[in-house]
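Have the sequence and the 3D view open as you read.

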Amino acid sequence: EWFCGKTDLAHGTFHDLPATRKAIRVVTVHDLSFILYPETHTPETVSVQTRLVKHAVTHADAIEAVSESCKSDLMEVFNIPPEKIHVVPGGVKLEDYNAPMDVAALAQVKRALGISRNYFIHLGTIEPRKNLPRLLNAYARIRQRFHEYPQLVLVGARGWKADATLEAIKHHDFGNDVIVAGWVPRETAILLLRGAAACVYPSLYEGFGLPVLEAMAARVPVITSTTGALREVSGGNCIFVDPLNVESIEAGLDLFLAKPDMAATRAQAAYQRAKEMTWEASAVKLENLYRTLLKQKET
């Protein structure tokens with residue numbers, strides 16, 4: 001209020017509860033990976049985020065969870081009554097994926113990265129929760145069993161505890177079969193996603209899983225985990241694997257290669273699901289939440 005004057009509602013959009021005198025306070029919780037999977041984070045992240053979220057969910061007037069799965073985690077970990085938690089899912093910008101494909105630009109990006117044939121894509125920071133060492137082990141098995149198979153392109157910045165992933169790549173001596181693209185501009189990431197044979201995302205846990213929704217919007221088949229919010233977000237229209245089991249991830253890759261028509265059918269159904277999960281739809285739900293909270297305060 002010192003900066004803004006009279007405030008009716010204040011919303012902290014990432015685990016941090018705004019300090020106010022009289023305003024309704026809302027906080028967004030994206031996931032509880034630092035509590036449920038602390039080994040996938042740094043000790044500092046676990047300590048800071050746990051303190052922030054514990055304070056936020058205790059003192060907030062309302063909590064916005066990004067999925068029903070996230071809501072369930074909040075209820076279980078912090079014993080929060082369900083009526084205090086409101087689900088407002090993330091979304092996707094369909095225009096990014098419905099515009100005509102810039103074939104020339106995609107070809108230029110592929111040449112620059114060394115992509116010479118069909119490819120799987122993984123979108124996300126290289127960090128333990130993304131489960132890339134197991135994906136790489138499964139991919140190594142595919143290489144041994146198939147004469148022809150897609151390349152594997154890892155798109156995303158190097159994050160914390162990335163050494164295990166980089167060591168797995170070195171151990172298997174993948175050569176040009178595995179390409180570590182690193183961080184790329186969003187426009188490039190969208191191009192690469194739209195041009196991929198499939199998106200592989202065997203994450204250990206997600207509070208939402210935006211890359212999966214983006215792949216759905218791009219009509220790209222998805223191979224992903226049964227854990228966290230991923231089945232919820234996809235509406236069940238993916239090839240699902242057990243992220244803790246290399247053989248299961250291998251079987252998911254195998255199923256895609258053996259039954260491309262089935263994968264394409266699921267991808268089309270997933271696109272219909274993505275059409276319902278736009279940022280515009282998210283904004284409407286958030287607006288309705290604000291109006292409900294303000295009306296409750298008046299009464």
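## A buried glutamate with two partners

E206 and R129 form a salt bridge, with their closest N and O atoms 3.3 Å apart; the term stands for a side-chain nitrogen of Lys or Arg within 4 Å of a carboxyl oxygen of Asp or Glu. This pair joins distant parts of the chain, 77 residues apart: E206 sits in the loop between β8 (198-201) and α9, and R129 in the loop between β5 (119-123) and α6 (132-145). Helices (H or I, at least four residues) and strands (E, at least two) are DSSP runs, numbered from the N terminus. Both E206 and R129 are buried, where buried means under 20% relative accessible area, exposed over 50%, and partly exposed in between (1.4 Å probe, protein chains only).

K130 also forms a salt bridge with E206, and here the closest N and O atoms are 2.8 Å apart. Again the link spans distant parts of the chain, 76 residues apart, from the loop between β5 and α6 to the loop between β8 and α9. K130 has 7% relative accessibility, so it counts as buried. E206 counts as buried because its relative accessibility is 7%.

## About the model

Please keep in mind that this is a predicted model: local features need pLDDT of at least 70, side-chain atom pairs count only at pLDDT 80 or more, and totals for chains, interfaces and linings use all residues. Residues are numbered from 1 along each chain as its sequence is written, and side-chain values use heavy atoms, with hydrogens and water left out.

## Other charged pairs

How many salt bridges does the structure hold? There are 14. Side chains of opposite charge can pair when their charged atoms come close. One network of salt bridges links R141, R145, E247, E250 and D254.

Another salt bridge joins the side chains of K6 and D8, at 2.9 Å from N to O. K6 counts as exposed because its relative accessibility is 77%, while D8, at 41%, counts as partly exposed.

## Cysteines without a bond

A disulfide is a covalent bond between the sulfur atoms of two cysteines. The structure holds zero disulfides, taking the term as a pair of cysteine sulfur atoms within 2.5 Å. C199 is in no disulfide, and the nearest cysteine sulfur, in C238, is 8.6 Å away.

Seen from C238, the closest cysteine sulfur is that of C199, and 8.6 Å is too far for a bond. Are these two cysteines buried or exposed? C199 counts as buried, at 0% relative accessibility, and C238 is buried as well, with a relative accessible area of 1%.

## Helix α9 and its surroundings

Helix α9 (residues 210-217) and helix α12 (residues 260-274) have axes that come within 7 Å and cross at roughly 110°. Axes are lines fitted to C-alpha atoms, for helices over the stretch in contact, and angles run from 0 to 180 degrees between N-to-C directions. L213, M216 and A217 of α9 make the contact with A270, Y271, R273 and A274 of α12, contact meaning heavy atoms within 4.5 Å. By class, this contact has six nonpolar, no polar and one charged residues; Ala, Val, Leu, Ile, Met, Phe, Trp, Tyr, Cys and Pro count as nonpolar, Asp, Glu, Lys and Arg as charged, and the others, Gly among them, as polar.

E214 is also found in helix α9 and counts as buried, at 11% relative accessibility. Leaving aside neighbours within four places in sequence, E214 is in contact with V92, Y97, L123, R186 and L193.
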